[in-house]
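I opened my notebook to look up how the pieces of this protein are arranged. Here is what I wrote down, entry by entry.

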Amino acid sequence: MAKGKSDVQVATFADHHVITQPNPLRKVLRRVAEKDLDDPVARAEKALAGLSGEFKNWMAIEADRLSAAHAVILRNGFTNETRDELFRAAHDIKGDAATFGFPSASAAAESLCRIIEHAPDLDQVPSNLIAHHINAIQAIVRERTKLDTAAMASELSKQLRGIADVFLTHANRNRPEHLEAILAPSIAPAE
């Protein structure tokens, strides 16, 4: 304790005192020349660019996972487990697709997540509505490298969202607490 007291500085003024504590971090700080400054954002972007060649493959794996979850539902019907796996697969695509360069797949996956979340009874959801979402995601991931597909994929995602909104609004007409969430704007990134 006595050792630290000698480092404390006290400035006395007419109506107050200012006590300045020593800063022990000054001893461990290393000054870096302006030209050697590290930019962590630039490093992260460089690392992401290095991985970008893998994004299409990662998205194909996620899209296949979604299709596999749907295939199990077609065979066995909706259970808590099959519903949860379909939702997780769609939710993962919703979260990852924009980062990996597939924002339209993200929008279609968000629309599918909304159906799974807000449909009062998934067995009453037209099977082709779910299938169209999954097929759209598969097509967006598969065709992303071809020219002029971004506008078509974006339009497809918007159309799916519109159809899902009409279905969910009708299915929840007697559940007003769900209508506000159903009619809320998309949170998926736009292209």
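**Entry 1: the whole chain**

I began with the elements and found seven helices and two strands in the protein chain. The model I am reading is a predicted one. Going from the N terminus, I wrote the order down as α-β-β-α-α-α-α-α-α. Next I looked up burial: of the 191 residues in the protein chain, 31% count as buried. I also checked how far apart in sequence the contacting residues are. Among contacts with a separation of 6 or more, 64% join residues 24 or more positions apart.

**Entry 2: α3 beside α4**

How do I describe a pair of packed helices? I note the angle between their axes and the distance between the axes. For α3 and α4, the axes come within 8 Å and cross at roughly 150°. An angle over 145 degrees counts as roughly antiparallel, so α3 and α4 are roughly antiparallel to each other. I noted the crossing of α3 and α4 as left-handed.

Which residues make this contact? From α3 I listed Arg 83, Leu 86, Phe 87, Ala 90, His 91, Ile 93 and Lys 94. From α4 I listed Ala 105, Ser 106, Ala 109, Glu 110, Leu 112, Cys 113, Ile 116 and Glu 117. Sorted by class, the contact of α3 with α4 has nine nonpolar, two polar and four charged residues.

**Entry 3: Thr 82 in α3**

I stayed with α3, which covers residues 80-96, and picked out Thr 82 in that helix. Is Thr 82 buried or exposed? Its relative accessible area is 10%, so Thr 82 is buried; the cut-off for buried is under 20%.

Then I followed the side chain of Thr 82. Leaving out residues up to four places away in sequence, I found Thr 82 touching Val 72, Ile 73 and Gly 77.

**Entry 4: α4 beside α5**

My next pair was α4 (residues 103-118) and α5 (residues 127-143), whose axes come within 9 Å and cross at roughly 160°. That makes α4 and α5 roughly antiparallel to each other. I wrote down a left-handed crossing for α4 passing α5.

On the α4 side, the contact is made by Ser 104, Ala 105, Ala 108, Ala 109, Ser 111, Leu 112 and Ile 115. On the α5 side, I noted Leu 129, Ile 130, His 133, Ile 134, Ile 137, Ile 140 and Val 141. By class, the contact of α4 with α5 has 11 nonpolar, three polar and no charged residues.

How far is Ala 108 from His 133 in sequence and in space? They are 25 residues apart in sequence and 6.1 Å apart in space, going from C-alpha to C-alpha. Setting aside neighbours within four places in sequence, I listed the contacts of Ala 108 as His 133, Ile 137, Ser 157 and Leu 160. Of these, His 133 and Ile 137 were already in my list for the α5 side.

Technical notes: Residues numbered from 1 in each chain as written. Predicted model: local features only at pLDDT ≥ 70, side-chain atom pairs only at ≥ 80, totals over all residues. Heavy atoms only, no water. Axes fitted to C-alpha atoms, helices over the stretch in contact; angles between N-to-C directions. Helix = DSSP H or I, 4+ residues; strand = E, 2+ residues; numbered from the N terminus. Parallel < 35°, antiparallel > 145°, perpendicular 65-115°, else oblique. Left-handed = near helix turned anticlockwise from the far one by under 90°. Contact = heavy atoms within 4.5 Å. Nonpolar A, V, L, I, M, F, W, Y, C, P; charged D, E, K, R; others polar. Buried < 20%, exposed > 50% of the residue type's maximum accessible area, 1.4 Å probe, protein only.
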